[in-house]
Amino acid sequence: MGGYVHGYSAREAERLADQATILRPLLHGDTSFPPGTRVLEPGCGTGMQTQALLAGSPGIDLTCLDVDAGQLARARARLGERAAAVAFRQGDLLNAPFPPASFDAAFVCFLLEHLTRPVDALATLRRLVRPGGSIVVVEGDHGSCRFHPETPAAMAAWSALVTCQRRLGGDPDIGRRLYGLLAEAGFADIVVEPRMVYADAGRPALRDGFVRRIIVPMVDGVREAALTAGLLDASAWARGLADLDATAEGPEGAFCYTFFKATARVPEE
Ligand SMILES: C[S@@+](CC[C@H](N)C(=O)[O-])C[C@H]1O[C@@H](n2cnc3c(N)ncnc32)[C@H](O)[C@@H]1O
């Protein structure tokens, strides 16, 4: 498994919450499983997608798996009473503690980008989901990111985030690879759709939320790692973050980022 570039701080938990709320219609709007469907959510983190899953698919039989016990505790706390209907398991997806074909479906969000062996993770899920069952995968693609004003300082901070994630063995551009990864892992009926967030001054709430509550905190979350690695010095970092923040200002500020959502099936035997 790769390291987790964003870490487990309270601020990162808050960012994940904002990310899930702001992006819910775009990423979850067309996902729903019938009541009783046995769904596995690996890399559930703080439970933000779990909330959306339960809201969009009431009555599912949901199992959340995360390698980090603290994340599972946060997810449980977030769900409150709804946690009673969810099974929480700690473990690495690659050594997942479930027999083959234990689930009807898997939902994966912002996990593969952090793994050194994403195909192995998907192949594990292909075994854990029954033949004929389905998988939904949502990932980002940092290479798709464009913004204005695109200053050198902002670009340097953004590049530092990408470099930190790559050095931990992850792939920040993994969204564009989803079709190939799912095919290599043995899935069938693969469909991948780009889901773009585009926000300008005509959509001030989206622009403010996406830039200031998702993008800037995400980049700033790797500040220590980037400075320690000597990618930037403290003043270049501050300038870069201020310039990224400024993409949410004035009539000209604009931000554009594409997520990728894939659906696929485990082939019938
Ligand atoms: C970016 S967070 C995403 C959380 C959640 N899916 C969301 O979208 O809000 C990635 C999560 O995957 C977990 N994780 C990383 N590697 C894992 C592995 N090999 N098996 C299970 N969980 C893993 C991390 O602990 C972290 O909670």
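Residues are numbered from 1 along each chain as its sequence is written. Because the model is predicted, local features need pLDDT of at least 70 and side-chain atom pairs count only at pLDDT 80 or more, while totals for chains, interfaces and linings use all residues.

The chain contains nine helices and eight strands; helices (H or I, at least four residues) and strands (E, at least two) are DSSP runs, numbered from the N terminus. The C-alpha trace spans about 55 × 35 × 35 Å along its principal axes. A compact globule of 269 residues would have a radius of gyration near 18 Å, and the 18 Å of the chain agrees with this; the radius is taken over C-alpha atoms, and the globule rule is 2.2 Å times the number of residues to the power 0.38. Of the 269 residues, 44% count as buried. A residue is buried if 20 or more other C-beta atoms lie within 10 Å of its own, exposed if 12 or fewer, and partly exposed in between, with C-beta atoms placed from the backbone.

Strand β2 (residues 61–66) is mostly covered, five of its six residues being buried. Strand β1 (residues 38–42) runs parallel to β2 and is joined to it by five bridges; two strands pair if DSSP finds at least two bridges between them. Within this pairing, Leu40 stands opposite Thr63 of β2. The chain passes from β1 to β2 through helix α2 (residues 48–56) in a right-handed β-α-β crossover. A crossover is right-handed if, with the strands pointing away from the viewer, the path from the first strand over the helix to the second runs clockwise. Strand β3 (residues 86–90) also pairs with β2 in the parallel sense, over five bridges, and Cys64 stands opposite Phe88 in β3.

In soluble globular proteins, nonpolar side chains tend to be buried together. A nonpolar core is a set of buried Ala, Val, Leu, Ile, Met, Phe, Trp, Tyr and Cys residues joined through C-beta atoms within 7 Å. The largest core has 47 residues, of which Val39, Ala106, Val108 and Ile135 touch the most other members. Its largest share, six residues, comes from strand β4 (residues 103–109). A second, separate core of 24 residues includes Phe210, Val219, Trp237 and Ala248.
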